[in-house]
Amino acid sequence: MTAMNDSIEPNYLALSRKIVNRLQSVSVEGIDGAVHAELITVARCGLEALTAAMRTGRPVPERTVARLESIAARMADRELPVALIQQVMHAGIKAGFELVAADRPRLVRQELYTDGVRLIQATQQLSTAVLRGYVGEVRAMTGDRRVAAQTLVSALLAGKADATMAHRCGTELSPSYFVIAIALGRHADENDARLDSRVVARRKLRRVQAELATIRECRALSMLSVDGGTILIPTEFASDTDEWLDDLVARLARAAAAPITATFAASPRGRIPAAAERVHQLLDLALRLNRGPGVHRFEDLAHEYQLVRPGPGYRHLRAILDPLRTEPGLLSTLRIYLAAQGKRGPTARRLGVSTSAVRRRLIRIAELTGFDPENATDAWYLRSSLVACTFAESRRSPGTASGVIGS
C-alpha cells in the first residue's frame, strides 16, 4: 500500500472547499460563513479519514471522531438538519475513495471505482433512512414528554400533582423534593450587537436543559426560561446536599457558558408551592444585593431576608440613613468603612483620602444619624439600614444595585 504523503495534505483543504461549494444543499437557510467553514471541516474529515484508512489500514483517529461530534453538536444547537452534515460527509468520503482509486493500476481502477461508488451511495441511502426515522420519532417523543413534564412541574408548583401525571412523564412522585430557584445570567454573545441576543439566549437555555437531561438518575423536573426558573429534584437523590448542589450548579453554568445564581430548600411534596415562593424570594434578595453567582443558602441570607420583610421594622431601618441622602460622600464612606470591617486605613486607601478625613466623616455620620459607626452595636444598625436601603433602591431600579456591603 502507498503511504500517505504529508505534502499532499494542502490539496485536501482545496478539495474540501470544492465539495462544499458545489453541493446544492449548502444554500439551505441558516448557512453563514461560520457554518460554511464547519462544513468544509466535515468534508475534509471524511476525505482524510477514508484516504488514510484505505492506504494504511488504520482506524479513524479519535481526534477526528471527537472533532466531528463537536461540529455536529454545534449544528444541532443551530437547528440545522442532520441530513446536511451527512451529505457533506459522504461527499468527502466519495472524494477520498476517488483519490485512492487513482493510485491503483489502470486495469483494476475502473472496477474498484464503480464498486466503491455503489457502496457509498447505498450506505448513504440506508443511513439517511435510519436517521430520518429515528430523529423523527425522537422529536415526537421528546415533544410529548416535554409537554407532560411541564404539566407535572406546574401541578407540583401548584400543589396539585398526582401519580397519573407522573406516569405520563415516565417518572414517579417523590415524598419530598429539593426546590431550586436559579437565575441564568447573560451569555457573553448576548451583548454582541452583531448577533441576535434572543437566539443566543435560547441556545443557552437548551444547553442547560440538555445538561439536566443527562443526569437521568436524579429525575430532575424543571420549568425554565432564558432568565432562569425552578428545578425540582427528589431529596433521596442527594446524600450530601452541599456537595451535589454546588456541583450541579457548576455543571449547569459550564453548559450555559454563563453565570448561574441559585437558592434552594428541601420540602415535602405538598408544601412545594410555599417552598418555591420562599426560594425565589431568597434568589431575588441575592440578586438585588449583588451576592454574585453560585449557590446561596438560607443561612447565608437569613439576616438580610429578615431585614427586608415588609413592616414597621423595615421602614424604621431604612429611615436611619435618611439624613445622609443630601451628602452622598458620607454614604459612600459608610459603605466602604463597613465593608472594610471597620478599619480606617483600608477605607482611606479605597477613598483616596487620609485617615483623618475618614475619622471626620465618621464623626459627621454619627452626628447626623445618631449612630456611631465605630461602636459595634451602632454599626450593626447602620449595616442593617444599608441592606434595607439597597434592597429598596434595587426594587425601584432592578439591576442597578451596587456597592452593597458584606454581611
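Two strands count as paired if DSSP finds at least two bridges between them. Helices (H or I, at least four residues) and strands (E, at least two) are DSSP runs numbered from the N terminus.

I noted that this is a predicted model, in which local features need pLDDT of at least 70, side-chain atom pairs count only at pLDDT 80 or more, and totals for chains, interfaces and linings use all residues. Residues are numbered from 1 along each chain as its sequence is written, and side-chain values use heavy atoms, with hydrogens and water left out.

**Entry: partners of β1**

I looked up single bridge partners in this pair. Leu 184 stands opposite Ile 260 in β4, and Tyr 177 has Ser 267 of β4 as its bridge partner. I also found seven bridges between β1 and strand β3 (residues 228-234), which run antiparallel. There, Val 179 has Leu 232 of β3 as its bridge partner.

**Entry: the other partner of β4**

I found that β4 is joined by two bridges to strand β5 (residues 294-295), and that these run parallel. Ala 262 stands opposite Val 295 in β5.

**Entry: burial**

Are these strands buried or exposed? I use buried for under 20% relative accessible area, exposed for over 50%, and partly exposed in between (1.4 Å probe, protein chains only). In β1, eight of the nine residues are buried, so β1 is largely enclosed by the rest of the structure. In β4 (residues 260-268), seven of the nine residues are buried, so β4 too is largely enclosed by the rest of the structure. For the protein chain, I noted that buried residues make up 39% of the 407 residues.

**Entry: two positive phi values**

Most residues other than glycine have a negative phi. I looked up two residues with a positive value. Ala 257 has phi near 55° and sits in the loop between α8 (241-256) and β4. Ala 257 is partly exposed, with a relative accessible area of 45%. Gln 341 has a phi of about 60° and lies in the loop between α12 (328-339) and α13 (344-351). Gln 341 is exposed, at a relative accessible area of 58%.

**Entry: the chain overall**

I noted 15 helices and five strands in the protein chain. Among contacts (heavy atoms within 4.5 Å) between residues at least 6 apart in sequence, 65% join residues at least 24 apart.
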